[in-house]
Structures are given as structure tokens and as C-alpha cells.
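Please look over the sequence and the structure shown here before reading the briefing.

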Protein chains: 2
Amino acid sequence: MTNPADSPYVRACRRLSVPHTPVWFMRQAGRSLPEYRALRGTGSILDAIADPAIAAEVTMQPVRRYGVDAAILFSDIVVPVHAIGFGIDVVPGRGPVVAEPFRDAADLSRLRDLSPETDLPYVLETVDRVVAELGGTPLIGFAGAPFTVASYLIEGGPSREFTKVKALMHSQPDLWVALMERLTAGSIAFLRAQVEHGASALQLFDSWAGFLSPSEYECFALPATTRIMEETADLGVPRTLFGVGTGELLSLMAQSGAEVVGVDWRVPIDEARRRIGPGLAVQGNLDPALTFASHEVLVDATRRVLESAGTAPGHIFNLGHGVLPTTNPDALQVVVDLVHGEGRAGVLQ
Amino acid sequence: MTNPADSPYVRACRRLSVPHTPVWFMRQAGRSLPEYRALRGTGSILDAIADPAIAAEVTMQPVRRYGVDAAILFSDIVVPVHAIGFGIDVVPGRGPVVAEPFRDAADLSRLRDLSPETDLPYVLETVDRVVAELGGTPLIGFAGAPFTVASYLIEGGPSREFTKVKALMHSQPDLWVALMERLTAGSIAFLRAQVEHGASALQLFDSWAGFLSPSEYECFALPATTRIMEETADLGVPRTLFGVGTGELLSLMAQSGAEVVGVDWRVPIDEARRRIGPGLAVQGNLDPALTFASHEVLVDATRRVLESAGTAPGHIFNLGHGVLPTTNPDALQVVVDLVHGEGRAGVLQ
């Protein structure tokens, strides 16, 4: 059996040569797959995540169906704060919703230390099961970056404006730092536990970082992310940092210590490589909306990403954001096969 | 009485010297003002827009309250397509909603030619009334850019993914061009009529252009915008082109023929100036979320925008997006006074 550390995905993260360009999809587990809907029924997604038999199966489904180069855990970035009892639910069609949003210093006590083995035993059992089944295919563990998790806790749910989180970070910087420290410690513990149970790589989702200006990102979000990278470096697995709409932030994100920076569809891969510099790998960046276009359009768009990635090592193909719930899985299969057949970044000729 | 063409706002659009940095706010008319809510009650916003007495008064309210350097018509970018009977409403808290979205070529017939004098007499009467009352303060007329208007018609309402509009533009380019041509013709007619009735400047809102990749913007959105600029150039008023999240698009937007490019809060003004080049003015770009932060934070952030704008002529202060409905008007007054007192772009010392 191949070692996941020698897999095309992990090698591409390390900017090593690969037999083919690796590809996986954010949100590949769940949502859009009919076999997922058949398995899960209509209960809460948090209940499904808490059942290792279901969660492991859902994690494996896209690996079997598509032949993608990595599995990503079927979970959600709010699972750790849910587990410590902050009071958060995931509402279908809406996203995370907090009954009593984070408002002041008293709310810090609602964010106790996370002990992954006792607070999230079901996630770690899912990791165990998936790693045993995956063989040489790597599992990507993940967590939400502190800014993005905090945005849910403070706004009370998905936001388009981020007024409350921005008001808090600017007007009460000490409280913001204290909140970031709590969330950072939890993310570090959770990420470390996933690797200790066999995850071969990590991704930190700072999904909404792109709503911050560069100076806000540098001051209020990057320090927590950098600390997470520092405190997971000894694990020896590649770490990817991803957010949406981060064109202005890529050079800052590249300073975090991550080995890979993920980019959305707004910045072509060649330009993203220039912004993050030669020492990091890049992940992306097909527009998920184009999986709804015609076959020809999808093929052309996939090829443009591969052309933009060029031949230099260090490209992991992905969408520019998560798979949308109504995506036709056949479209993703077209992408996987095309990337495997035509990707050239780091592929020995 | 001063001529509006010599006002600080119009002079700044033309990169001429000004007595003070001009400032106005997108969405300054309506929503956040208590005097607006007292006047309008709870009816549909489209009904209020269709009443020239109300619409003119709402347009004037922020000019009187804040002393901003320009009025912007109290209206909505979907007013023209509503007027020709496409079947669109503006739902409070949600935005424009289309009962039967645009799907195929047969829907083109639902977009007949716009005759502003007969289809939108109430808007033009509002312009007449406002211009008569404004004196030397300029009125900014506006329209939605064809891509952004089309996104509502095709998606059926506000979208976070733009899957339908992207699928259509890529997969049915001939239909897309035909749709753009209809909307472009309507925008040109509407903008011209507003200037003929006394508007001293125009702004084209391509609010959601930032969801397009640069190549998509260049191929599918910019041609219509460029045509609008060509067909309004003879009017002799400055035209501003604005969208949110357009960091990657600014150099393309600068090629449209507009005299001013508006930017959101993600790109500092000095960097925006570099991207759009020395021949254009720039508008922006205080993060509207920061009007919810403390007084000190708001003052600091406003000063940072002014510092970034520097001393070269051609800066119009604005928010990076529209005033949010729950904004405290006192915060905007702080901004106006600070900009008037401390702005230095093009201000003769």
C-alpha cells in the first residue's frame, strides 16, 4: 500500500513532482451527492456528523465516486464550538445560527477549553475509520480559522455585512484578542488530534477573510492563523489556508506559515502564484458556478485553470469555493478526469 | 447661485482643484434616516419612488441633514425594468424579486424599449423638482449596469452564487448578448433623460461585477458598460462606474470610458489610483460596517482613507458600499465634517 505521504496530493502540497495533478473539492462530502442524501435522510447535519458510521461513509463516498486525490472529513467548522456548548446549530439552507450571540467579556466563559478526545470522540472515531479505509489516499483534517468562526458567534449567523464583528474587533480590541485566543487554542487542539488519528494534511478555512481590508486582516485575523500554523508545524503535514475573495490578502496569507494557499476564481492561478511567492503551493480555482454551465464551457474553464497553473510544481486543483448543493456530480467527474489527464504542474513528462 | 458644474463634486470628478474634498454616500437617500421613515410609512419602496413629491423630499433629506456635496436620486436600479412590466418587486429586507425569471429567448420580448418620458414620468418629475431645489448642489442620476440588472432578472432575486447568470452567459452567449443589448439601450435612454432634466453627473452601478473573474468581466459585462459610456459621453457630465469586490477588475473598469471609478473598502485609495491610472478620479472607500464602530474608530478609519487619497486631485469620498439600513445618521455626520475639514486631495493650500 502506498503511503499517503507519498500521494500526489501531499507531494503537490510540498511542490514535489507528481504523476498527475491532484484534485479534490471543498464540500465534496455530502450535500450534492444522491448517495449522501439517501444515507442521511432529513435530520440535522450535526447529528450526522456525530455518528461515526455515517460520517465515515459520507467522507468516503466522493473518493469512491470521483477518484479524487484526497478525502476531506464530513464535518463543519462550527462543530468544535458546538461541542463545548456555545449554543450553535446548522440550519438547512441558511447555515450556522447562534441563539445567543457573543456580545461581551462574560461570553468568553462560554468558550471553555476544547479536549478533542472527550469533546469530539465521534469526529476522531470518524478519522480512525476513514484512515483505515482510505489506504494510500490522504485524509485532510480541517478547522475554521478564528476570524471566520468568530464572525458566526458574533453576528449570530451568516452575514453579508459583518458590522457586529468589525465593530467589536475595532472598538474592543482587548476583547477581540481574548476571543481569538480561545478560538485559536481550540483550533490547534482539534487540528493536532486529527493528525494524531491519521489525517495526512490540514486545511484552515478562513472563508470570510475576504470581507476584511488588508490592514484589518493583518491586524485582526492573521495573528491567530499564524499561531495555529506555528503550533501545528511539528506535525509534519502540509497545511492549506483558504478564504473567498482574498485577492488583496494573498501575500499576507502567504506569511502565515501555511504550505499551501487556496484561492477563489477571481484571481488566475498564475497571478495567485506571483502574489504568494515561489515558496508555497497554490490550490484552486474553478468557479463552482461553472459546474452548472454546458459541458463545453466546463471543459474550457477547467483547461484554462490548468493552463494558468502551468508546469511548475505545486498546484492542487479545486473549486474556488465549496461544491454547491445542487451541483450535478457528473460535472465534477468531468473535471476530475480532465485534471488527471491534462494537468501539467509538476508532472514529469 | 453657483453652477453645479463648478461644484466640488463635479470638479473632483474632473480632477480639478476643489475647496474641500467632496463627500456623498451611496444609499444616503432613504432607509437609515428617521425623517425618511416618518415620511414614507410602510408601503412598497416602488410606490414611494413613483410619487415625485415623496421621492424628491427623500432625495433632499440627506443633503439638508449632512451637507453632503451631491444628491443622489431616491430610486432603485430595477425601476426601469419594473416600469416596462418585466414583473419585478422590491421586497423589504430581501431586495429585488422576480416572479418569472428570465430563462430563454422568448423572455426578450418582455424587455421592450424604454421611453423614459412615458414609462418613467415620475422619476423625471422627481429630477425636475430636486434640481430646482438643489441650487448649486449637483444631482447624480443613476442606472444599474446591464450585468447587475441581468443578474436579478435571471437569478430571480439576490444571489450569492450567480450560477444561473453564469451558466447563461457562458452557455448561451448569443442570448446573453441580446439581453445585454436590451438592457444597455434602456440604461442609455434612462441616463440621458435624467441629464436632460438637469442631473449634473451619472453613476452606473455594476454592484455585483466583483463576482465575475477578470476574463468574465471583460467578455460579458464590460462591453455593455463601455457602450453606455460611449452613448452618454456627449452629455458632458462626469460618469462614475462602481461595483463591490472589484479589486481584480479596476484596470478593466478604467477602460470603460468612465471619468470616475468607485472602489469598495478592500483596496486602499492609493492602490486603487495605481490600478485605474492617472487619467481618472477615484471614489470611496470607508467600510460601511465601520459606521457601527466607536467614534474613535470611525474617525481613525476616515482619516486613513483621506491619507490614502493623498493630495493629488480627483478623490470623491464615499463609503465602499451603500449606507446600511441600521446606520446611525450621527456617524455619517462625523464623516462628512471630518472629510470637509481634513481632506486634501486637490485642495489648494
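The notes below go through the model topic by topic.

This is a predicted model, in which local features need pLDDT of at least 70 and side-chain atom pairs count only at pLDDT 80 or more, while totals for chains, interfaces and linings use all residues. Residues are numbered from 1 along each chain as its sequence is written, chains are lettered from A and ligands numbered from 1 in the order in which they are written, and side-chain values use heavy atoms, with hydrogens and water left out.

**How the two chains are related**

- The same surface serves both copies, since 100% of the contact residues of chain B recur in chain A.

**The interface**

- In chain B, 31 residues are in contact with 31 residues of chain A, contact being heavy atoms within 4.5 Å.
- About 2500 Å² is buried between chain B and chain A, and carbon and sulfur atoms give 54% of this area; buried area is the accessible area (1.4 Å probe) that two parts lose on being put together, summed over both.
- On the side of chain B, Arg160(B), Glu248(B) and Arg266(B) lose the most area to chain A, and together they make up 25% of what that side buries.
- Between chain B and chain A there are 10 residue pairs in polar contact, both residues being at pLDDT 80 or more; such a contact is a pair of N or O atoms within 3.5 Å, where within protein one must be able to donate a hydrogen and the other to accept it, and residues adjacent in sequence count only if both atoms are side-chain atoms.
- Helices α9 (163–171), α11 (214–232) and α14 (295–309) of chain B each supply at least two residues of the side that touches chain A, helices (H or I, at least four residues) and strands (E, at least two) being DSSP runs numbered from the N terminus.
- With 5 residues, α9(B) gives the most to that side of chain B.

**Salt bridges**

- There are 4 salt bridges between chain B and chain A, a salt bridge being a side-chain nitrogen of Lys or Arg within 4 Å of a carboxyl oxygen of Asp or Glu.
- Glu248(A) forms one with Arg275(B), with the closest N and O atoms 2.8 Å apart.
- Arg275(A) and Glu248(B) also meet through their side chains in a salt bridge, at 2.7 Å from N to O.
- This pair crosses between chains, from Arg275(A) in helix α13 (residues 269–276) of chain A to Glu248(B) in the loop between β6 (239–242) and α12 (250–253) of chain B.

**The sheet in chain B**

- Chain B has an open sheet of 7 strands in the order β1-β4-β5-β6-β7-β8-β9, with parallel pairing; two strands pair if DSSP finds at least two bridges between them.
- Strands β1 (71–72) and β9 (315–316) of chain B stand at the edges with a single partner strand each, so one side of each is left without a neighbour in the sheet.
- β1(B) pairs in the parallel sense with β4 (residues 139–144) of chain B over 2 bridges, and Ala71(B) has Leu139(B) as its bridge partner in β4(B).

**Backbone details**

- A cis peptide bond joins Gly284(A) and Asn285(A), with omega about -5°, and Asn285(A) is placed in the loop between β8 (281–283) and α14 (295–309) of chain A.
- Although Arg15(A) is not a glycine, it has a positive phi of about 60°.
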